[in-house]
Amino acid sequence: MGGKPHPSVVEEKKKSMTGSLDRFVVSHPTGNTFVRALLNRLNNQSQLEKFFTTIGAGEGANPLITSFCREKRQYAITDKMISRQWMPEFARLLSKGDQTKKRQRTDHSYQALDYKVSHELSTLNSQILHAYEDCCSDSFAQAKELGMQCSYELPIAHWATVRRLLAEEAERYPEWEPTLESTRESEEKLFRKEEELRRADRITCPSQFVLDSIPLEIRQKTPCQISPFGSPPSEPVNVESFPKSDTHKLLFVGSMSQRKGLADLFEAMKLLKREPISLSILGQPSMPMEFYRKQFAEFEYFPPCSNQKVRKIMKVHDALVLPSIVEGRALVQQEALSCGLPIIVTPNAGGVDLEEEGKTGHIVPIRSPEKIAQSIRAMIENKNRKEEIQKLCQKKAEQYSWASYAENIIDFNLSNSAQGFVLPDP
């Protein structure tokens, strides 16, 4: 699909890379917080040559282009650095139909971007291509032809781990199976995921859980690193301004699926029916709301909203509970800590390093409503230490910055690249 450039193009490309070993090309279909952090760091250091995406606008973009791009699709880099693949993504956003059709549209959009990148790499002068899961199989193949270094970021656990864990969940909670979309990925898509990983020259993961999920044979031959995501800035929390209440207010944030462990949280709440607690859920339903109310009726629901509103909601709760079955590194953990909320999470949420047991929260095993309930009871017993715990949580969040996250990726790819990365023969 990527197609080979003419041998003379490959040779010219290799010659042009002399003196360009610190320049990056970045590709991501939709943009998000961690992509934005890397782009900003590269741009500030004059190390970014081109950013490939689907829909996006940079500084100085045509107002018509900017009008199509919501805030999440706007970037603090010059628009000339952005190369777009609009139409398949527009088709995805406008598409109607069942989940199968929507997944097909998403896959098509991602593959169209991958195809575009693979055809434009030979016109660029950078040596490093940094790309992400599901959208770089062809572009990595082409990068290999051109002698470019392939930097791969795996933001969630390896697909085999995801499939295994979620297949087990489908057996545990058959009624929740429709919420487990990753169990229905096509074999072709899984093959492309594997091709991406095996073509990578450097692999970055956000957590130890993700790193450990990568097949051992790949870890043994490909340099891998962990670069944790950054935290949002902490904001002052005025305990005295909160409404006085004896009820311990718990918050769940995320897609309303069993991948996030919501069924286990509901079971834990049933074990705590005599305790002074309440549950709020903020997220996108995967099923009609009646389904969730049938599982556990007593929760307050908040629909997806802006980050600013999420933080406002967090500040009137006492703890975040996220008993995920499989993640990469759930950003909501650090968002909660930065708002002063202790967290109850599983190791598979990717934030074991965020936990100081009994201070910033609790780590619970996956599939353990009893342990979730036990941790919630422990938090209730510590309610008199609320102000102290809030400060500890914010201090922990502040240890992680987006600048460090991005710098880790840059340094990792540049280390030994000049002398250790050998260009293939034409």
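Colleague: Okay, where is the place of Val25?
Modeller: Val25 is in strand β1, residues 24–27. Helices (H or I, at least four residues) and strands (E, at least two) are DSSP runs, numbered from the N terminus. Before we go on, this is a predicted model, where local features need pLDDT of at least 70, side-chain atom pairs count only at pLDDT 80 or more, and totals for chains, interfaces and linings use all residues. Residues are numbered from 1 along each chain as its sequence is written, and side-chain values use heavy atoms, with hydrogens and water left out.

Colleague: Got it. Is Val25 buried or exposed?
Modeller: Val25 is buried, at a relative accessible area of 0%. Buried means under 20% relative accessible area, exposed over 50%, and partly exposed in between (1.4 Å probe, protein chains only).

Colleague: And what is Val25 in contact with?
Modeller: If you skip neighbours within four places in sequence, the contacts of Val25 include Glu49, Phe52, Leu121, Ile128 and Met148. Contact means heavy atoms within 4.5 Å.

Colleague: Let's jump to Leu337. Where is that one?
Modeller: Leu337 sits in helix α14, residues 331–338. Leu337 is buried too, with a relative accessible area of 0%.

Colleague: Which residues does Leu337 touch?
Modeller: Not counting residues up to four places away in sequence, Leu337 touches Ile343, Leu354, Thr360, Cys393, Gln394, Lys396 and Ala397. Leu337 and Lys396 are 59 residues apart along the chain, and their C-alpha atoms are separated by 7.3 Å.

Colleague: New topic: how many aromatic pairs are there in the whole structure?
Modeller: A search finds 16. Rings of Phe, Tyr and Trp (its six-membered ring) pair if their centres lie within 6.5 Å; planes under 30 degrees apart count as stacked, over 60 as edge-to-face and the rest as tilted. Phe68 and Phe90 make an edge-to-face pair, 5.7 Å centre to centre with 70° between the planes. That pair links distant parts of the chain, with Phe68 in helix α3 (residues 63–68) and Phe90 in helix α4 (residues 86–94), 22 residues apart.

Colleague: Why is the pair of Trp176 and Phe291 edge-to-face?
Modeller: Their ring centres are 5.0 Å apart and their planes are at 75°, so the pair counts as edge-to-face. Trp176 is in the loop between α7 (159–172) and α8 (187–199) and Phe291 is in helix α12 (residues 289–295), so the pair ties together parts 115 residues apart in sequence. Trp176 counts as buried at 1% relative accessibility, and Phe291 counts as buried at 13%.

Colleague: Which cluster do the ring pairs link them into?
Modeller: One made up of Trp176, Phe266, Phe291, Tyr292, Phe296 and Phe299.

Colleague: Now charges. How many salt bridges does the structure hold?
Modeller: It holds 30. A salt bridge is a side-chain nitrogen of Lys or Arg within 4 Å of a carboxyl oxygen of Asp or Glu. Lys193 forms one with Asp134, with the closest N and O atoms 2.9 Å apart. Lys193 lies in helix α8 and Asp134 in the loop between β6 (128–132) and α6 (137–146), so this pair ties together parts 59 residues apart in sequence.

Colleague: Buried or exposed, those two?
Modeller: Lys193 and Asp134 are both buried. They also belong to a network of salt bridges that links Asp107, Glu133, Asp134, Glu185, Lys189 and Lys193.
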